[in-house]
Amino acid sequence: MKKIEAIVRHYKLDEVKSALTEAGVQGMTVSEVRGFGRQRGHKEMYRGAEYTVDFVPKVKIELAVADDLLQTAIETILRVARTGQVGDGKIFVTNLAEVVRIRTGETGAGAI
C-alpha cells in the first residue's frame, strides 16, 4: 500500500478528482495549502501598493492506494494536472505500513 500526496493548482482539483475516480481510486482527502518552490511567490498590486506573496495557494490531495493501482494513479494525476508551466505541483509517494478502517476494524488493503 502506498500514500500519494499531490500538490496541484486549485482549478485542476475537479478534473483530477474525476479522472482518479474513473481510474478506480475510491477516496481522497483534500486540503488547501500554501507554499513555494521554484515559483518563489509572485508580486501583486493592492490599492496602488506592490507587495510580494511569498506563499502560493495550492491544493493537496492525499490518496491511499494498493500497490497495483499506484502507477495508474500517478499517471492520471500527471496527465490531468500538468499545464507545462512553473508551479504545476509535485507528487510524493510513501509506503503505508498499515491501514485500519475505524468502522469495522478491517486492516490492510481491504481497509482502503
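User: In strand 5, which residue is the bridge partner of lysine 2?
Analyst: Strands of a sheet pair through backbone hydrogen bonds, either parallel or antiparallel. Here the bridge partner of lysine 2 is valine 65, in strand 5. This is a predicted model, in which local features need pLDDT of at least 70 and side-chain atom pairs count only at pLDDT 80 or more, while totals for chains, interfaces and linings use all residues. Residues are numbered from 1 along each chain as its sequence is written, and side-chain values use heavy atoms, with hydrogens and water left out.

User: How many bridges join strand 1 and strand 5?
Analyst: Two strands pair if DSSP finds at least two bridges between them. Strands (E, at least two residues) and helices (H or I, at least four) are DSSP runs, numbered from the N terminus. Strand 1 and strand 5 pair over seven bridges, in the antiparallel sense.

User: What is the order of the strands in the open sheet?
Analyst: The order is 2-5-1-6, four strands with antiparallel pairing. Strand 2 (29-35) and strand 6 are at the edges with a single partner strand each, so one side of each has no neighbour in the sheet. From one strand to the next, the twist averages 25°. Axes are lines fitted to C-alpha atoms, for helices over the stretch in contact, and angles run from 0 to 180 degrees between N-to-C directions.

User: Which strands does helix 2 lie across?
Analyst: Contact means heavy atoms within 4.5 Å. Helix 2 lies across strand 1, strand 5 and strand 6, and runs at about 5° to strand 1. Threonine 76 is a residue of helix 2. Leaving aside neighbours within four places in sequence, threonine 76 is in contact with Ala19, Leu20 and Ala23.

User: Is threonine 76 buried or exposed?
Analyst: Buried means under 20% relative accessible area, exposed over 50%, and partly exposed in between (1.4 Å probe, protein chains only). Threonine 76 has 5% relative accessibility, so this residue counts as buried. Glutamate 50, in strand 4 (residues 49-53), counts as exposed because its relative accessibility is 54%.

User: Which residues of the largest nonpolar core touch the most other members?
Analyst: A nonpolar core is a set of buried Ala, Val, Leu, Ile, Met, Phe, Trp, Tyr and Cys residues joined through side-chain atoms within 4.5 Å. The largest one has 18 residues, of which Ile4, Leu63 and Ile77 touch the most other members. Strand 1, helix 1, strand 5 and helix 2 each supply at least two residues of this core. Helix 2 gives the largest share, six residues. Beyond its neighbours within four places in sequence, leucine 63 has contacts that include Ile4, Leu20, Val25 and Ile77.

User: How many salt bridges does the structure hold?
Analyst: Side chains of opposite charge can pair when their charged atoms come close. A salt bridge is a side-chain nitrogen of Lys or Arg within 4 Å of a carboxyl oxygen of Asp or Glu. The structure holds five. One of them joins lysine 60 and glutamate 5, at 3.4 Å from N to O. Lysine 60 is in strand 5 (residues 56-65) and glutamate 5 in strand 1 (residues 2-8), 55 residues apart.

User: Where do arginine 9 and aspartate 88 lie?
Analyst: Their side chains meet in a salt bridge at 3.0 Å, N to O. Arginine 9 lies in the loop between strand 1 and helix 1 (13-22), and aspartate 88 in the loop between helix 2 (70-81) and strand 6 (90-95), so the pair ties together parts 79 residues apart in sequence. Both arginine 9 and aspartate 88 are buried.
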